[in-house]
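The sequence and the structure come next.

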Amino acid sequence: MFLQTQGITKEFGKLRAVNEVSLEIVKGDIHAIIGPNGAGKSTYFNLVTGYHRATSGKVLFKGKEITNLPAYSRCNLGITRSFQITSIYPKLTVYESVLMGLLSHRKVTLNFFSSAKKFFKEEVWRTLEDVGLADQANTLGDSISHGDKKRLELAITLGTEPELLCLDEPTCGMSPEETDIAMGLIKKFSEERGLTILFTEHDMSVVFGIAKRISVLHQGTLIADGTPQEVRASKEVQKVYLGGSA
Amino acid sequence: MVIKQTEQKESMLKRGWWLILLIIIFLIAPAFLSEFYLTVLCEALVMSLFALSFNLLFGYMGQLSFGQAAFYGLGGYTVAMLITKVQFNFWLSIIAGVLVASVIGLIVGFFCVRLRGIYFAVLTLAFGQLIFSVVFKWHDFTGGDDGIQGVFPPEFLKSPTNYYYFLLIVFLLSAFVLWKIIHSPFGQTIISMRENSERTEFLGIHIAKYQLITFVIAAAFAGLAGAIWVPFYRSVAPSYLTWIKSGEPVMAAILGGPGLFFGPVLGMFIMTFFHSWVLGFTIYWPVVMGALILAVIFFLPGGILGFIQEKVNERKEIRNRE
Ligand SMILES: Nc1ncnc2c1ncn2[C@@H]1O[C@H](COP(=O)(O)OP(=O)(O)OP(=O)(O)O)[C@@H](O)[C@H]1O
Ligand SMILES: [Mg+2]
C-alpha cells in the first residue's frame with residue numbers, strides 16, 4: 001500500500017471542503033483528481049502534503065500514519081508537491097533554485113563551510129536538461145516565462161527525488177503546445193524515475209490522455225474513482241461534472 | 001563552458017585584488033592615523049562585525065532583529081565582569097562572552113523563531129529590552145547604570161596600535177567565517193527561506209530549526225564584537241544593550257546595502273566616521289544621520305554599495321557587448 005487516505009475531512013468553519021474521502025494511490029500510477037472549481041482538489045492535496053491538518057480521518061504513506069506530520073517531514077519521507085499558484089524563487093537563478101531541492105534532499109544543508117555551488121553539478125544540469133531549462137540556468141526565476149516557471153517548479157521538486165509527486169494544476173495557464181510538452185515530461189518522469197504522480201487538471205483531454213486512474217470530487221465528496229473508461233461511463237460523473245459532453 | 005570558467009577566475013582575481021589592497025591599507029593605517037582616528041577605526045571595525053552578525057539575519061535570512069544589541073552587550077558584560085571581578089584570563093573571558101551570548105541567543109531564539117516579519121522584529125525588541133532591564137536594574141551584580149570600569153586587556157595589548165591589530169585579526173577571521181557560512185549549503189538554505197519560505201519548507205527544510213541556528217550564530221558574533229570592544233574601551237555600560245544600539249546595525253545595513261556581504265561594513269564605517277566628525281561641530285548628529293538614511297532609502301534602495309555594484313555591472317555589460 002502506497003498512499004491511502006481514510007475518511008479524510010477538512011472543515012473551514014461550516015464549509016466541508018473535503019468530506020470523508022477514502023482513496024488509495026497505487027505506486028507508479030499517474031493518478032488524476034478532477035472536479036469542478038471549488039470541489040476540494042487543492043484542499044485534498046493540502047491534506048496529503050501537510051499544508052493543512054485534517055479535521056478528521058487519516059493519511060497513510062507506505063503503511064505509516066502521517067496525518068499530523070509537518071510538511072517538511074512528509075517531504076523527507078518522499079512526498080513533494082507543486083502549488084496551483086506557482087511557487088518558485090523569484091530572486092534566485094534557475095540553477096540555484098534546482099540546487100536547493102537537491103541540497104535539502106541529500107541532507108547537506110547543515111554543511112557550513114563548503115561552497116554550495118560545488119554540490120551536485122551533474123544532477124542539477126541533468127534535471128535542467130530534462131525539463132528543458134538548461135539554456136536559462138543563470139536567469140532569475142522571475143524573469144522567465146509563465147510556462148517556464150511552471151516547469152521550473154517541477155524541476156525544483158524533482159530535486160528532492162520524491163516517490164510521490166503531487167502536482168496541483170501543472171499546466172494551468174499554459175498554451176496548448178506548452179501543455180503538451182509539460183504532460184510529456186510528467187509522463188517521462190513517471191516512467192524513467194518510477195515516480196508516482198497525483199495531479200489535478202482542468203483540461204479533460206489532458207486528463208484522459210495521460211491518467212491511469214481518475215478520482216472525481218464534487219463538493220468535497222468522492223463520487224467516482226477508477227480507470228478513465230469507468231469514470232467516463234459513470235452516470236453520476238456525467239451528471240454533475242462532465243455535463244454529458246464526454 | 002571553458003571560456004566561462006576562465007572568465008570567472010579572472011573576475012575572482014580582480015575581486016581578490018581590491019580585497020588585498022584594502023587589507024594592506026588596514027595593515028599600514030596606524031602609521032598614518034592620529035590616536036583619535038585610530039580609536040574611531042577600532043570602533044568601526046568592532047561595529048562592522050556587529051553589523052555583519054545582524055545582517056546574517058536581516059540581509060540573508062530576511063528577518064529583522066531589533067534586539068541584536070542585547071547579545072553585543074552580553075558579550076561585553078561577561079568579559080567586563082570576569083576580568084574585573086575574578087581576574088579571569090583575557091582570552092578565556094572573550095570565549096566566555098561568546099558562549100554567554102550564544103546560550104542566551106538559543107533561549108531567546110527558541111521563542112522568536114516561531115514568528116516571522118514584524119512579529120519577529122517586535123519580539124526580538126521586547127527580549128532585547130528585557131535583557132537590558134535586567135542588566136540595568138540588577139545593581140549588585142552588574143553595577144546598574146554605573147556600568148563597569150577598569151576592564152584592562154593584558155599588558156601587550158594596552159597600546160591602541162597593538163589592540164587595533166588584534167581587532168583587525170578578529171574582524172578578518174570572523175568576516176571570513178561568515179562569508180563561508182553564507183556561501184555554504186546552509187547559507188543557500190537561509191537565502192531560500194528568505195526568498196520563499198513555503199517553497200523551502202515543502203522541499204523538506206524545517207524552517208524554525210534553521211532560523212534558530214542562524215539566530216545563535218548571529219548572537220555569537222554579536223557577543224564576540226561586544227567582548228573584544230570592552231577591554232579596548234576599558235568599560236561597559238547598560239547603554240550597550242538598548243534598542244538604540246540595536247538600531248545601529250539596522251541603519252548600517254540599509255545605508256551600505258543589506259544584499260551585499262560588505263554592505264553593512266561600509267555602512268558602519270560611514271556612520272562611525274561621520275559620527276565622530278560631525279560631533280566636532282554639531283550635537284544634532286541624529287538629524288544629520290536621519291537625513292542621510294532618508295536620502296539612501298529614497299535614491300539608492302539597494303544601499304550605497306548596492307548602487308556601486310549595479311554601476312559596475314552595467315559597465316561590465318556594456319564592455320561585454322562591445
Ligand atoms: N484556507 C481556506 N480557508 C477557507 N476556505 C477555503 C480555504 N481553502 C479552500 N477553501 C474553500 O474550500 C473549497 C474547496 O477549495 P479548493 O481550493 O480545494 O478547490 P479546488 O477543487 O482546488 O478548486 P479550483 O479548481 O478552483 O482550484 C472552496 O469552497 C474554497 O473556497
Ligand atoms: Mg485548486
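Which residues line the largest cavity? The lining is made up of A:Ser82, A:Phe83, A:Lys150, A:Arg151, A:Glu153, A:Leu154, A:Leu167, A:Pro170, A:Met174, A:Ala182 and A:Ile186. The model is predicted.

**Cavities**

A search of the whole structure gives 4 cavities of 30 Å³ or more. The largest cavity holds about 80 Å³ of space. Two elements of chain A, helix 5 (146-159) and helix 6 (176-192), each give two or more residues to its lining. Helix 5 of chain A contributes the most, with 4 residues. By class, the lining of the largest cavity has 7 nonpolar, 1 polar and 3 charged residues.

**The second largest pocket**

The second largest pocket contains about 850 Å³ of space. It is lined by 31 residues, and those closest to its centre are B:Glu43, B:Lys245, B:Glu248, B:His275 and B:Trp285. Helix 2 (35-60), helix 10 (207-233), helix 11 (243-256), helix 12 (263-278) and helix 13 (285-299) of chain B are the elements that each give two or more residues to the lining. Helix 11 of chain B has the largest share, 8 residues. The lining of this pocket divides into 20 nonpolar, 8 polar and 3 charged residues.

Helix 13 of chain B also holds B:Ile297. This residue is partly exposed, with a relative accessible area of 43%. B:Ile297 is 98 residues from B:Arg199 in sequence, and their C-alpha atoms are 29 Å apart in space.

**Ligand 1 and helix 1 of chain A**

Ligand 1 is surrounded by 14 residues, and the closest are A:Gly38, A:Lys41, A:Ser42, A:Thr43 and A:Gln84. By class, this shell has 5 nonpolar, 7 polar and 2 charged residues. Strand 2 (15-25) and helix 1 (41-49) of chain A each supply at least two residues of the shell. Helix 1 of chain A gives the most, with 3 residues.

| Residue | Atom of the residue | Distance to an oxygen atom of ligand 1 |
|---|---|---|
| A:Gly38 | polar backbone atom | 2.9 Å |
| A:Gly40 | backbone N or O atom | 2.9 Å |
| A:Lys41 | side-chain N or O atom | 2.7 Å |

On its own, ligand 1 has 630 Å² of accessible area, and the protein covers 63% of it.

Why is helix 1 of chain A described as largely enclosed by the rest of the structure? The reason is that 8 of its 9 residues are buried. These buried residues are A:Lys41, A:Thr43, A:Tyr44, A:Phe45, A:Asn46, A:Leu47, A:Val48 and A:Thr49. The helix is followed by A:Gly50, whose phi is positive, near 95°.

A:Tyr44, one of the buried residues of helix 1, is in polar contact with A:Thr5, side chain to side chain, at 2.9 Å. A:Thr5 belongs to strand 1 (residues 3-12) of chain A. With a relative accessible area of 2%, A:Thr5 is buried.

**A threonine in chain B**

B:Thr78 is in helix 3 (residues 68-86) of chain B. What lies 2.6 Å from a polar atom of the side chain of B:Thr78? It is the backbone oxygen of B:Leu74. B:Thr78 has a relative accessible area of 12%, so it counts as buried, the cut-off being under 20%. In an α-helix there are 3.6 residues a turn, so residues three or four places apart point the same way.

**Positive phi in chain A loops**

Two residues of chain A that are not glycines are described here. A:Phe120 has a positive phi of about 50° although it is not a glycine. This residue is in the loop between helix 3 (94-105) and helix 4 (121-131) of chain A. A:Glu161, also not a glycine, has a positive phi of about 45°. A:Glu161 is found in the loop between helix 5 and strand 7 (164-168) of chain A.

Are these residues buried or exposed? A:Phe120 has 15% relative accessibility and counts as buried. A:Glu161, at 36% relative accessibility, counts as partly exposed.

Methods:
Residues numbered from 1 in each chain as written. Chains lettered and ligands numbered in written order. Predicted model: local features only at pLDDT ≥ 70, side-chain atom pairs only at ≥ 80, totals over all residues. Heavy atoms only, no water. 1 Å grid on protein atoms, 1.4 Å probe; cavity = no way out; pocket = protein on both sides within 12 Å on 5 of 7 lines; lining within 4 Å. Points joined across faces, edges and corners; volume = space filled by probe spheres on them. Nonpolar A, V, L, I, M, F, W, Y, C, P; charged D, E, K, R; others polar. Near = heavy atom within 4 Å. Polar contact = N/O pair within 3.5 Å; in protein donor to acceptor, adjacent residues only side chain to side chain. Areas by Shrake-Rupley, 256 points an atom, 1.4 Å probe, with all protein chains shown as cover. Buried < 20%, exposed > 50% of the residue type's maximum accessible area, 1.4 Å probe, protein only.
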